[in-house]
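The following note sets out points for a colleague reading this structure. Each point takes up one element or one group of residues.

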Amino acid sequence: MIFQTIKNSIFKLFKSCDLQILTFSFILIFIGTAAIYSASSLDPTKTLLHIRNFSIAIFLMVLVSKIPISLLLRLSIFVYFFGLLLLILVEFFGTNINGAKRWLDLGFFKLQPSELMKIGVPLLLAWLYEKFEGPKFSALNLILGTIIIAVPLFFIVRQPDLGTSILIASAGFFVLYLGGISKKIILFLLFIFIVSGPIIWTSLHDYQKERVLILLDPSKDPRGAGYHTIQSSIAVGSGGISGKGWTEGTQSHLDFLPETTTDFIFAVIGEEFGLLGCTTIIIFYLIIIGKGLAISLNAPSMFGRLVSASFTFIIFIYVFVNMGMVIGILPIVGIPLPLISYGGSSAVSIMISLGVIMSINNHRRLVPN
């Protein structure tokens, strides 16, 4: 009787969640928890914090999945400007960690406001397209869309946080593209980006320039800028087909690998679970991404289509960039592996994004075309 009551309560709680996304998300979270336990030298402290972070994140995902699209539409402006306010507060009251001022210390939790903008920017851009869909959409709205992307980027670049800046800029541009921006404008923006390349380059910090240059030849500075790329590549390669076994990785346990529980957690998985483990994880991500795109295609409104597609795209960029930098085909930009890496703010933003996608799927019949 008690078991049946608990079962019914759990079913009712997760009823609004898409079973496919929920199942593979939980599997990836479990894999991440096991990898973090191993990467932290079998110290349970960080693992327990990771479980706490994702418990909060899962609760928020379930909560958001129950919110109707009409309410999400109305909340878009609030989420964006609240995130912007937090970014401004970071300028004055932010906590500096390893030379970067990105966090607000709330005592029990360090909040990274830039993570909220990964949700706020696509939401507000989708709201803009929903409001001015079709012939009403003008050059003025395009300018407004650019401003919506540029303002938070200004504060995030100052922190500095190149990885999050890339994610937000990519997601914002993706919304503009899906919204029907003309090819001429796309080519013009691409031209502007290429022409402004030297200006962008000079504005980068020295360590960021090194990360780009070292991509061409990591052996140039094996003990400096190229160290992370070389060690992570060694870790992934040494795993072979089936890996060395859980908790048996040497690169992480002997402290050759940097940031083993966050940015380079995929290298730990590659070493301990090998090609088979890495391939399995990639398949799980592809299933979640594929489901997100399917929900986007079936969404009943412009807002729903753009939001679900952009959030799915953000997850894809997360995965692609993180794995790319670990195996040495992309510069190191400090992007965690979603659902697997340690980190409270990133866990919350990813799970809320999945919750929004589920909400769009749940309420697709309740929104008029």
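1. Residue S359. In this predicted model, S359 makes contact with V64, S65, I67, P68, I69 and L72, its neighbours within four places in sequence being left aside. S359 belongs to helix 15. Its relative accessible area is 0%, so S359 counts as buried.

2. Overall composition. The protein contains 15 helices and 3 strands. Of its 369 residues, 50% count as buried. Among contacts with a separation of 6 or more, 73% are between residues 24 or more positions apart.

3. Helix 2 against helix 15. How do these two helices pack, in terms of angle and axis distance? Helix 2 (residues 19-39) and helix 15 (residues 344-362) pack at about 170°, and their axes are 12 Å apart. An angle over 145 degrees counts as roughly antiparallel, and the two helices are therefore roughly antiparallel to each other. On the helix 2 side the contact involves I21, L22, S25 and I29, and these meet M351, L354, I357 and M358 of helix 15. By class, the residues in this contact are 7 nonpolar and 1 polar, with no charged residues.

4. Helix 6 against helix 7. The axes of helix 6 (residues 139-158) and helix 7 (residues 162-178) come within 9 Å and cross at roughly 175°. This pair, too, is therefore roughly antiparallel. Helix 6 contributes L142, I149, L153, I156 and V157 to the contact, while helix 7 contributes T164, S165, I168, A169, G172, F173 and L176. Sorted by class, the contact of helix 6 with helix 7 has 9 nonpolar and 3 polar residues, and no charged residues.

5. The largest nonpolar core. Which members of this core touch the most other members? The core has 92 residues, and M61, L339, M351 and L354 are the ones that touch the most other members. Helix 14 gives the most to this core, with 14 residues. Two of the residues named here, M351 and L354, also take part in the contact of helix 15 with helix 2. Leaving out residues up to four places away in sequence, L354 touches I21, S25, M61, I288, I315 and L339.

6. Backbone at L339. L339 is located in the loop between helix 14 and helix 15. Its phi is near 70°, a positive value in a residue other than glycine.

7. Backbone at T247. A positive phi is also found at T247, again near 70° and in a residue other than glycine. T247 lies in the loop between helix 11 and helix 12 (250-253).

8. Helix 14. Helix 14 is followed by G328, which has a positive phi near 90°.

9. Residue V321. Within helix 14, V321 has a relative accessible area of 11% and is therefore buried. Beyond residues up to four places away in sequence, V321 touches L330, V333 and I335. V321 and L167 are 154 residues apart along the chain, yet their C-alpha atoms are separated by 9.5 Å.

10. Residue Q231. Q231 touches Q251, F256 and L257, residues up to four places away in sequence not being counted. Q231 and Q251 are 20 residues apart in sequence and 7.5 Å apart in space, C-alpha to C-alpha.

Definitions and conventions:
Residues numbered from 1 in each chain as written. Predicted model: local features only at pLDDT ≥ 70, side-chain atom pairs only at ≥ 80, totals over all residues. Heavy atoms only, no water. Helix = DSSP H or I, 4+ residues; strand = E, 2+ residues; numbered from the N terminus. Contact = heavy atoms within 4.5 Å. Axes fitted to C-alpha atoms, helices over the stretch in contact; angles between N-to-C directions. Parallel < 35°, antiparallel > 145°, perpendicular 65-115°, else oblique. Nonpolar A, V, L, I, M, F, W, Y, C, P; charged D, E, K, R; others polar. Core = buried A, V, L, I, M, F, W, Y, C linked by side-chain atoms within 4.5 Å. Buried < 20%, exposed > 50% of the residue type's maximum accessible area, 1.4 Å probe, protein only.
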